[in-house]
Amino acid sequence: MPLRLASESLSGCSGCEIALLNTGVGLLRLLKSIKIVHMPILMDNKYFQGNDAEAELEIPEAEIGLLSGAVRNEEQLRIAEKMRQRCGSIVAFGTCASYGGIPALANLFEDADLFRRYYRTAEATDAAGNPAEVVPPFLERTFALDEVIRVDVFLPGCPPHPDGIAHLLDTLASGKKPDPELQSVCDSCPTRREGKGSVQRIRRFIRNARFQPDKPPADMRCLLEQGFLCMGPVTLAGCSGRSGGMPRCIEARVPCKGCYGPVRPGGNQLFDILNALASNGIDTKNLPDRLAVLRYSGAHRRLVRTVNKPA
Ligand code: SF4
Ligand code: SF4
Ligand code: SF4
């Protein structure tokens with residue numbers, strides 16, 4: 001009998017679900033062993049009994065619960081808790097669910113400043129008051145999923161590579177335990193490394209890296225060794241897929257920004273990269289955009305309010 005899968009999307013962009021669809025024919029194969037019983041982003045499924053905030057959520061029982069997005073408001077918290085009750089295994093699907101992702105950048109700001117920015121000072125819209133209806137109340141900050149419910153499996157990535165999604169669902173459908181990836185982006189990066197000591201400072205990526213357009217990335221020197229902040233050493237592998245590809249950003253000759261989160265669960269990409277740079281003899285005192293290093297992993301109290309007025 002196929003395993004039942006329920007899916008919910010919290011504070012995110014739906015890119016993880018698009019990546020699921022991008023498994024393509026793999027998804028058709030998966031549908032023989034997995035039955036999707038709930039996925040509001042793809043299937044019309046009315047699951048609030050009325051509009052009452054206290055109304056019971058109707059989420060069908062399932063063996064697998066895929067949850068994408070971080071937890072930012074009370075409604076998302078209710079949905080996450082209900083998914084935990086109804087699903088056998090909960091998968092934190094994508095980097096927002098695993099580490100807070102882009103939504104956790106809001107942890108740097110007071111809610112009042114965010115509302116002012118969105119509703120009164122954004123260039124593209126007319127000024128308005130804060131919404132008083134429909135929008136659920138914010139929680140005190142943006143949470144990763146495992147801060148609010150128990151999580152069984154983490155599948156980070158912004159979004160996760162379709163190969164990784166298909167592999168995980170295949171593994172779960174066959175009753176096996178998922179094998180965690182513990183390599184870094186550098187492990188699948190083909191660029192040329194010449195060794196320590198050639199760069200003393202990191203600069204912003206406002207100029208292209210040095211490379212020859214007609215040559216493959218294997219002929220390009222490592223971007224960190226060119227002086228750019230490449231997060232490859234401290235970021236979990238996976239964006240290369242499972243059939244010998246290369247990291248997505250490196251293929252585009254752009255430094256890794258760290259979107260798969262830390263190599264080990266619980267790791268701190270900021271501490272890890274400072275260590276990696278220091279051990280390569282690079283001055284970390286004037287590292288540009290230091291907090292941006294946590295742009296994908298700002299939940300778990302990694303990013304806290306330090307700024308009062310967003311620009
Ligand atoms: S992890 Fe990335 S792709 Fe997935 S919901 Fe979050 S922002 Fe979107
Ligand atoms: S630091 Fe960046 S460019 Fe260098 S090997 Fe690692 S991923 Fe590749
Ligand atoms: S290279 Fe880094 S930032 Fe780019 S997709 Fe891979 S993990 Fe994400």
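# Exercises on a predicted model

Arg 253 is buried, with a relative accessible area of 14%; buried means under 20%, exposed over 50% and partly exposed in between, for a 1.4 Å probe and protein chains only. This is a predicted model, in which local features need pLDDT of at least 70, side-chain atom pairs count only at pLDDT 80 or more, and totals for chains, interfaces and linings use all residues. Residues are numbered from 1 along each chain as written, chains are lettered from A and ligands numbered from 1 in written order, and side-chain values use heavy atoms, without hydrogens or water.

**Exercise 1. Describe His 300 and list what it touches.**

Step 1. Locate it. His 300 lies in the segment after helix 8.

Step 2. Check phi. For His 300 it is positive, about 55°, and this residue is not a glycine.

Step 3. Read the accessibility. His 300 has a relative accessible area of 25%, so it counts as partly exposed.

Step 4. List the contacts (heavy atoms within 4.5 Å). Leaving out residues up to four places away in sequence, His 300 touches Ser 98, Tyr 99, Arg 141, Ala 144, Asp 146 and Glu 147.

Step 5. Look along the chain. Ala 104 is 196 residues from His 300, yet their C-alpha atoms are separated by 9.4 Å.

**Exercise 2. Why does Thr 284 count as buried?**

Step 1. Find Thr 284 in the segment after helix 8 (269-279).

Step 2. Its relative accessibility is 19%, so Thr 284 counts as buried.

Step 3. Name the partners. Beyond four places in sequence, Thr 284 is in contact with Leu 274, Leu 277, Ala 278 and Arg 290.

**Exercise 3. Work through helix 3.**

Step 1. Compare spans. Helix 3 (residues 74-86) has 13 residues and reaches 18 Å from first C-alpha to last, close to the 18 Å expected at 1.5 Å a residue. The expected span is 1.5 Å times one less than the number of residues.

Step 2. Find the cap. Asn 73 caps the N-terminal end of helix 3, with a side-chain oxygen 3.1 Å from the backbone nitrogen of Glu 75.

Step 3. Pick out the buried residues. In helix 3 they are Gln 76, Ile 79, Ala 80, Lys 82, Met 83 and Arg 84.

Step 4. See what covers them. The cover includes strand 1 (3-9), strand 3 (62-68), strand 4 (71-73) and strand 5 (87-93).

**Exercise 4. Which residues are around ligand 1?**

Step 1. Collect the shell (a heavy atom within 4 Å). Around ligand 1 are Gly 12, Cys 13, Gly 15, Cys 16, Thr 95, Cys 96, Gly 157, Cys 158 and Pro 159.

Step 2. Find the elements. Helix 1 (15-21) and helix 4 (95-99) each give two or more residues to this shell.

Step 3. Look at the Cys 158 to Pro 159 peptide bond. It is cis, with omega near -5°. Pro 159 sits in the loop between strand 7 (153-155) and helix 6 (162-173).

**Exercise 5. Divide the chain into domains.**

Step 1. The bounds come from an automatic or database domain assignment.

Step 2. Describe their contact. It takes 25 residues from domain 1 and 23 residues from domain 2.

Step 3. The C-alpha centres of domain 1 and domain 2 lie 28 Å apart.

Note on methods:
Helices (H or I, at least four residues) and strands (E, at least two) are DSSP runs, numbered from the N terminus. A polar contact is a pair of N or O atoms within 3.5 Å; within protein, one must be able to donate a hydrogen and the other to accept it, and residues adjacent in sequence count only if both atoms are side-chain atoms.
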